[in-house]
Amino acid sequence: MNRFLPALLLLLSGRALAEDILVESEAFIARSDAVALHSQIIDALPEGSSAIVRLVRRFHQGQGWRYLVIIEGAESQTEADAFAALSAGLEIHRTEGSAQPAAEPDPAAEPAVEPEPTVEPVPSAAAQPSTPSGERVLAAEGVLRAAVRAHGGKEGAGVLVAQAESIRFSYTRTVPEATEPLVVSNHFLRKGEALRLEVEITSGAAVDSTTILTADQIGWVTVDGAHTERDPGRTMEILERFSPEAVLAVPLGFPEDVETAGVWRELETVDRTGEGEEALWILRGVEESSLQEAAFDVEQRLLRQVTWSSSQGDITFSYDDYQLIEKDLLIPFHTRIERDGEMIEEITVSNFEVDPVIADDMFAAPQ
């Protein structure tokens, strides 16, 4: 399990803009119920509406993870009332600039924007910052807008992952240890509400295991042939940590995070480094920001590196080997995670399939 994922999700939760009006649904245990409501609201919106309808996953103390539908974009109380009337159970909330409860992005069915091949227009010379050498560079706002498009538009590749009826996701984690590195192959399956995780240990002090959450929400773990029933809520929470939305939280959630988290809007372009395919825009945050620095390649405008400050030191995520799984689903197949310059984990994706055919018996309770 990624030991730094909980801290990362807290960093990504962000803050709402001042005086935002949100319309929220009740919290659903089943993701399918929230997806159905999301589709109902999308269909009910008037043509030309600028409202943004999101599916989010939020942790409720004492209850575990729940799914909600949120409607954003109301510019007046009248418009908020109209959104709330689209379906029973929708309520209006004013954020008034306060921090929202931690919510992990789980975008739903709003169509993603296809990346555009053209680059962001460069502002006038007077508006551009300069590198220490005096070279003019693209302002941070332009870099981020182009990067959002490159990552699939306002909702990003996470849209396709969240909408998928099934997911097959395999990757290898390498963690340095004192004697020998811990090398683990994880095979994550999801079909509707059912989940399965197979853990295979290549090297290191750990054991193989299989964990299943059945379609009727019964949790099981199998180790050395012994089957143990587990709490379903806790089982789902653990298995979700191995999902692509968790393992690839930053690149999958980047477009939405740029829209909602103020730390991204505080970045300033400070440099342009390298040449050709190695050229990068370097953006840096204000001194007290948790987001220290981000780098985007000049040609493709993809996120290549991001550094967050934490109580455990500066955590840097580096991404490469981006591959197009299907339209708008462009993900890095290699991630390197460092703390204060020292590698603490490496992740290599070997397989990522959206809506594959998966037999139901893969999620059956062990016999």
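Ser289 is buried, with a relative accessible area of 4%. Buried here means under 20% relative accessible area, against over 50% for exposed and in between for partly exposed (1.4 Å probe, protein chains only). The structure is a predicted model, in which local features need pLDDT of at least 70 and side-chain atom pairs count only at pLDDT 80 or more, while totals for chains, interfaces and linings use all residues. Residues are numbered from 1 along each chain as its sequence is written, and side-chain values use heavy atoms, with hydrogens and water left out.

Ser289 sits in the loop between strand 13 (280-284) and strand 14 (291-297). Helices (H or I, at least four residues) and strands (E, at least two) are DSSP runs, numbered from the N terminus. A polar atom of the Ser289 side chain lies 3.1 Å from the backbone nitrogen of Leu291. Beyond its neighbours within four places in sequence, Ser289 is in contact (heavy atoms within 4.5 Å) with Val263, Glu266 and Ser309.

The protein chain holds 9 helices and 18 strands. Of its 367 residues, 49% are buried. Among contacts with a separation of 6 or more, 54% are between residues 24 or more positions apart. The accessible surface of the chain is about 17,300 Å² (Shrake-Rupley method, 1.4 Å probe). Carbon and sulfur atoms contribute 50% of that surface.

Strand 18 (residues 342-354) pairs with two other strands. Pairing requires that DSSP find at least two bridges between the strands. Strand 6 (residues 166-175) runs antiparallel to strand 18 and is joined to it by 8 bridges. Strand 17 (residues 329-339) is also antiparallel to strand 18, with 6 bridges. Ile347 of strand 18 is the bridge partner of Arg173. Ile347 is likewise the bridge partner of Thr335. Strands 17 and 18 form a hairpin with 2 residues between them. Asp340, in the turn, has a positive phi of about 50°.

In soluble globular proteins, nonpolar side chains tend to be buried together. A nonpolar core is defined as a set of buried Ala, Val, Leu, Ile, Met, Phe, Trp, Tyr and Cys residues joined through side-chain atoms within 4.5 Å. The largest such core has 58 residues. Those with the most contacts inside it are Phe169, Trp264, Phe296, Val306 and Phe352. Helix 4 (residues 140-150) supplies the largest share of this core, 6 residues. A second, separate core of 18 residues includes Phe28, Leu37, Ala80 and Leu90.

Aromatic pairs number 6. Rings of Phe, Tyr and Trp (its six-membered ring) pair if their centres lie within 6.5 Å; planes under 30 degrees apart count as stacked, over 60 as edge-to-face and the rest as tilted. Phe169 and Phe352 form a tilted pair, 5.0 Å centre to centre with 55° between the planes. Phe169 lies in strand 6 and Phe352 in strand 18, so the pair ties together parts that are 183 residues apart in sequence. Both Phe169 and Phe352 are buried. The Phe254 and Trp264 rings are edge-to-face, because their planes stand at 75°, with centres 5.1 Å apart. Phe254 belongs to helix 8 (residues 249-260) and Trp264 to helix 9 (residues 262-265), 10 residues apart. Phe254 and Trp264 are buried as well. Ring pairs link Phe254, Trp264, Phe296 and Trp308 into a cluster.

Note on methods: A polar contact is a pair of N or O atoms within 3.5 Å; within protein, one must be able to donate a hydrogen and the other to accept it, and residues adjacent in sequence count only if both atoms are side-chain atoms.
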